Amino acid sequence: MNSNVLAIPLLVPLIGALILVMLNKQVRLSRNIALFVLMVSFISSLVMLIYVTTHKPIVLDFGGWEAPFGIQYVGDSLSLLLVTTTYFVVFMIVLFGFGRGEKRASRYYLLSFILFLTTGVVGAFLTADIFNLYVMFEIMLLASFVLVTLGQSVEQLRASIIYVVLNIIGSWVFLVGIALLYRRIGSLNFTHVAMRIHEMDDPNAVHLIAMSFIVAFGAKAALVLFMWLPKAYAVLNTELAALFASLMTKVGAYALIRFVTLIFNQSDRVVDPLLVVMASITMLIGATGTIAYKDIKKIAAYHVILSIGFVVLGLSTHTLNGINGAIFYLFNDIVVKALLFFVMGTIVYTTGYRQYRHLKGLAQREPWLGVAFIVVTLAIGGVPPLSGFPGKLLIFLGALESQHYVGLILMIVTSLVGMYSLFRVFFYMYAGQQEVNQESDYKPIKRIRKRVVGFMTGIVLIIGLCAPLVMKVTTSATSENLDVESYVKAVNPDLEEGHK
């Protein structure tokens, strides 16, 4: 396959975002163009994913400059799996629409900024250069800063302050890590750094560099440093909350997986115990938040934090099963969290309430939401045969192999707590007796939104039933990143020969 096709998922949404800036007054046309752009990007990414799982990674050297001197993009099983899932979820979010705020969304260029954010996310997944990863993080974060604050309430503006400050600090720590790494290695290409970092004769310097990247990516993934997430997500509208929940923390988790497996795999005696502790704290924070609040959007936000703890626990095991489970769960969580926020946002929209104690009798009006709610609850809890089960099972096996028993127990306990928090909401809304709300008080839900929720519910079921097929991709991704020599040979064989 021609390597230039790897530019399609990057250039198409970027060009689409620029076009939508000029067409912002034409609401329907702008939405259709955005959907077309996302569909083209999704199909191209899916075709490339199928190719790399049966052949080899796709490598694109921009400007003809080969590694380690030029900017390189690599489409392997891990990156293309996440890119494909990203475009699918963003497509569903745009299709879901902005309801009565459609015209306001167009006036504030929200579709353009959504495509800019998606470009940054996809660029972060595909880049094989550490400094370019930083650039893509900044593109993503700048677009997200606008989406968090633009045209919204004072409450949202206040919530965004913590979000902005912590992400700026994370970016600064990221730059420090890049500077330290370049000073020692003299390169920022993933494969080149993976080859040369083992030659460093100062293990303390390697550990310091690893710590800086873990802190930077942990801040962006809401790993321990979670303060920015619940308030920011809770005040976003349904579409933007689903966008942030499905993508923003996942990029930081992806970066952790890539760096820990490919670059810092020899520092496992220091990195892995630290990751276990951070994952355990994050799981406790997430589980506590899910039962501490009565605001259903905050409950959903803390489930985002809880899922990051599961992913990092799998990564900390440094085993084939554990990392495979982390990748599977990360992929699945992009879809599941989008569905969770669709369901929660739809409930808030139709009833006008965020406190679940006011939602009694909702089943009499929208019983179809109960089906979606149960499916997403069981998927989050990891109940077989739904999509959350394979990832958690692999993480469970990895934790047993690495003897991370405390983390394993916490994963089981917090999973049950998370399920309890959602079932509590479900029974309150669907088994409670209607008191104050009258049928006329409910806002009608658009048919397209019902179809999107129904389709996403079906996808969650399909992922669970087709788990062996998905696991072939995640296993390939895990094997590639754990075997540094094979990865270098597949991506930059000339670089390996020159090194020898």
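Helices here are DSSP runs (H or I) of at least four residues, and strands are runs of E of at least two, with the numbering starting at the N terminus. Everything in these views comes from a predicted model.

**View 1. Ala222, a non-glycine residue with a positive phi.** Ala222 sits in the loop that runs between helix H9 (203-220) and helix H10 (228-235). Its phi is near 60°, a positive value, and this isn't a glycine. For background, most residues other than glycine have a negative phi. Ala222 counts as buried because its relative accessibility is 0%, and buried means under 20%.

**View 2. Gln403, another positive phi, this time on an exposed residue.** Here phi is near 65°, again in a residue other than glycine. Gln403 belongs to the loop between H16 and helix H17 (405-431). With a relative accessible area of 54%, Gln403 is exposed, since the cut-off for that label is over 50%.

**View 3. The cis peptide bond at Pro384 and Pro385.** The bond joining these two prolines is cis, with omega about 5°. Pro385 lies in the loop between helix H15 (368-381) and helix H16 (388-402). As a reminder, most peptide bonds are trans.

**View 4. The salt bridge between Arg258 and Asp76.** The structure holds five salt bridges, and this is one where the closest N and O atoms are 2.8 Å apart. It links distant parts of the chain: Arg258 is in helix H11 (residues 238-263), while Asp76 is in the loop between strand S2 (72-75) and H3, 182 residues apart. Arg258 and Asp76 are buried.

**View 5. The salt bridge between Arg449 and Glu239.** The side chains of Arg449 and Glu239 meet at 2.9 Å, N to O. Arg449 comes from helix H18 (residues 447-465) and Glu239 from helix H11, so the pair ties together parts that are 210 residues apart in sequence. Both ends, Arg449 and Glu239, are buried.

View 6. Lys337 and Asp333 are four residues apart in H14, which means about one helical turn separates them. Lys337 is buried, and so is Asp333.

View 7. Tyr329 has its place in H14. This tyrosine is buried, with a relative accessible area of 2%. Beyond its neighbours within four places in sequence, the contacts of Tyr329 include Ser307, Phe310, Val311 and Ile380, along with Gly388, Gly391, Lys392 and Ile395. Tyr329 and Ile308 are 21 residues apart in sequence, with 9.3 Å between their C-alpha atoms.

**View 8. Phe244 and the largest nonpolar core.** This core has 181 residues, and Phe244 is among those with the most contacts inside it, as are Leu117, Ile130, Phe174, Phe213, Tyr233 and Leu243. Helix H14 (residues 320-351) gives the most to the core, with 19 residues. Setting aside neighbours within four places, Phe244 is in contact with residues including Leu117, Leu147, Val148, Tyr163, Tyr233 and Leu236, plus Ser144 and Thr249.

**View 9. Asn132 and its partner Tyr73.** Asn132 is part of helix H6 (residues 130-149). It's buried, at 9% relative accessible area. A 2.6 Å polar contact joins the side chains of Asn132 and Tyr73. Asn132 also touches Ile71 and Thr127, not counting residues up to four places away.

**View 10. Helix H3, mostly covered.** Of the 20 residues in H3, 20 are buried. At 1.5 Å a residue, helix H3 (residues 77-96) should span 28 Å, and its end C-alpha atoms agree at 29 Å apart.

**View 11. Helix H19 and its buried face.** The 16 residues of H19 (residues 467-482) should span 22 Å, and the end C-alpha atoms are 22 Å apart, which agrees. Buried residues in H19 include Ala467, Val470, Val473, Thr474 and Ala477. Seen down the axis, the buried residues of H19 fall within an arc of 165°, so they line one face of the helix. Turned away from that buried side are the exposed residues Pro468, Leu469 and Lys472.

How values were computed:
Residues are numbered from 1 along each chain as its sequence is written. This is a predicted model: local features need pLDDT of at least 70, side-chain atom pairs count only at pLDDT 80 or more; totals for chains, interfaces and linings use all residues. Side-chain values use heavy atoms; hydrogens and water are left out. Buried means under 20% relative accessible area, exposed over 50%, partly exposed in between (1.4 Å probe, protein chains only). A polar contact is a pair of N or O atoms within 3.5 Å; within protein, one must be able to donate a hydrogen and the other to accept it, and residues adjacent in sequence count only if both atoms are side-chain atoms. Contact means heavy atoms within 4.5 Å. A nonpolar core is a set of buried Ala, Val, Leu, Ile, Met, Phe, Trp, Tyr and Cys residues joined through side-chain atoms within 4.5 Å. The expected span of a helix is 1.5 Å times one less than its number of residues. The arc is that of the directions from the helix axis to the C-beta atoms. A salt bridge is a side-chain nitrogen of Lys or Arg within 4 Å of a carboxyl oxygen of Asp or Glu.
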